[in-house]
Number of protein chains: 2
Amino acid sequence: MKNPYHETILEFFSEHRRMPSYAEIARITGLNSKSSAYHAANRLIKEGWLVKDDAGKLIPGPRATGIRLLGSIAAGFPSPVEEELADVMTLDQLLIRNPQATFLLKVTGDSMVDEGIKHGDLVLVERTTDIKPGDIVVANIDGEWTIKYFRRRGKQVYLEPANKKYRTIVPREELRIDLVVKAVIRQY
Amino acid sequence: MKNPYHETILEFFSEHRRMPSYAEIARITGLNSKSSAYHAANRLIKEGWLVKDDAGKLIPGPRATGIRLLGSIAAGFPSPVEEELADVMTLDQLLIRNPQATFLLKVTGDSMVDEGIKHGDLVLVERTTDIKPGDIVVANIDGEWTIKYFRRRGKQVYLEPANKKYRTIVPREELRIDLVVKAVIRQY
DNA sequence: AGGGTAATCGAACGTTCGTTCGATGTCAAG
DNA sequence: CTTGACATCGAACGAACGTTCGATTACCCT
């Protein structure tokens, strides 16, 4: 019972992808009545952990949801405790525009190291037809999948690595590319 | 009505951070009865857009939710269409262990370029006391915030950049660090 | 020890929920 | 046109929901 209620409740949210009912709040927090859960939830609303939407349903509040996007490192740093937070969002909301066409790939090899994309990194890839020169793309060259810059000189398109050890690839035949890298994610 | 129901419903989810009730599904889809909404939802469940959890509540299904984590690029690539998906998760679930203590910072400067952390990148920072040598940390050195490797030689701790242009920092006085970099995110 | 504030409880309320049913409507194949 | 499969509808059910109330308990302050 050490755990404050908001942690228990938000844990439920991230596990179940929905908010618990008051009966469920009572169950998971150890409270013995719905009304205790109701009052506890109202306290959490006052504290900003939860909010009620237009329909009166509980949803995670500004203090709980997502990630706090703070200033830049060199520019200084809001006070660690109790930042009254400008922008709060989910990483998914931040990074993903078209969920149906987006997925994650693990990068193998070092052909893009000079771009800061290393072996083992994850790349967030979106399937799209809107590919512009300079984009980083995932392409199938002669049956092999690779990640490269998409370049164009005149009418000729080619794929350029971000690593001098590798050579630019000029496709022998027509090159169909529909996967563009929207983000790079590296975990430590 | 061009929009298939699952798009309307999942749109509701991402806007409201909860799934609609059947009455609400009827309203937003233009259906005139709860039971139509109920049957429509069941179809979507069969198609994988939605699922019901243990309590019978609707939650987004594997086809809708989060991101598909596929194989590595060099290792080949599951068929683009209709991958029967190993792992599906939210980016937040993937990256964030302790939501309360986690936030996002924008990196300024190039002191970590050799680690693949470039100017303008976002770093996912967690406040923790468990910092080990080799970790990438955000530290306050003489009033300035910087991002560096945390190193230790004997009893002496110091901060090392990942860029030969910069010098290692040996703190004059005691160094209190509680921000460790858990992930790097770069958007294109 | 005592007094006051806040948390918890159990019971009760009207409302909304998910679900089932049978009837009606739509559309394509035979 | 007839048949069958399927989507939609409106009404109905008990169960679960959010909320309120008054009584009880726990906790802090001096």
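The structure is a predicted model, in which local features need pLDDT of at least 70, side-chain atom pairs count only at pLDDT 80 or more, and totals for chains, interfaces and linings use all residues. Residues are numbered from 1 along each chain as its sequence is written, chains are lettered from A and ligands numbered from 1 in the order in which they are written, and side-chain values use heavy atoms, with hydrogens and water left out.

Chain A contains four helices and 10 strands; here helices (H or I, at least four residues) and strands (E, at least two) are DSSP runs, numbered from the N terminus. Along the sequence these elements follow the pattern α-α-α-β-β-β-β-α-β-β-β-β-β-β. Of the 188 residues in chain A, 48% are buried, where buried means under 20% relative accessible area, exposed over 50%, and partly exposed in between (1.4 Å probe, protein chains only). Among the contacts in chain A with a separation of 6 or more, 43% join residues 24 or more positions apart; contact means heavy atoms within 4.5 Å.

Helix 1 of chain A has as its buried residues A:His6, A:Thr8, A:Ile9, A:Leu10, A:Phe12 and A:Phe13. These pack against helix 2, helix 3 (34-47), strand 1 (50-52) and strand 2 (58-60) of chain A.

Two packed helices are described by the angle between their axes and the distance between the axes. Helix 1 (residues 5-16) and helix 2 (residues 22-29) of chain A pack at about 115°, with axes 10 Å apart. Axes are lines fitted to C-alpha atoms, for helices over the stretch in contact, and angles run from 0 to 180 degrees between N-to-C directions. On the side of helix 1 of chain A, the contact is formed by A:Tyr5, A:Thr8, A:Ile9 and A:Phe12, which meet A:Glu24, A:Ile25, A:Ile28 and A:Thr29 in helix 2 of chain A.

In chain B, the axes of helix 1 (residues 5-16) and helix 2 (residues 22-29) come within 10 Å and cross at roughly 115°. B:Tyr5, B:Thr8, B:Ile9 and B:Phe12 of helix 1 of chain B make this contact with B:Glu24, B:Ile25, B:Ile28 and B:Thr29 of helix 2 of chain B.

Most residues other than glycine have a negative phi, and most peptide bonds are trans. With a relative accessible area of 21%, B:Arg17 is partly exposed.

Further along chain B, four of the five residues of strand 5 (residues 102-106) are buried. Five bridges join strand 5 of chain B to the antiparallel strand 6 (residues 122-127) of chain B; two strands pair if DSSP finds at least two bridges between them. B:Lys106 stands opposite B:Leu122 in strand 6 of chain B. The loop between strand 5 and strand 6 of chain B holds B:Lys118, which counts as partly exposed because its relative accessibility is 22%. Not counting residues up to four places away in sequence, B:Lys118 touches A:Glu115, B:Val107, B:Gly109 and B:Arg186.
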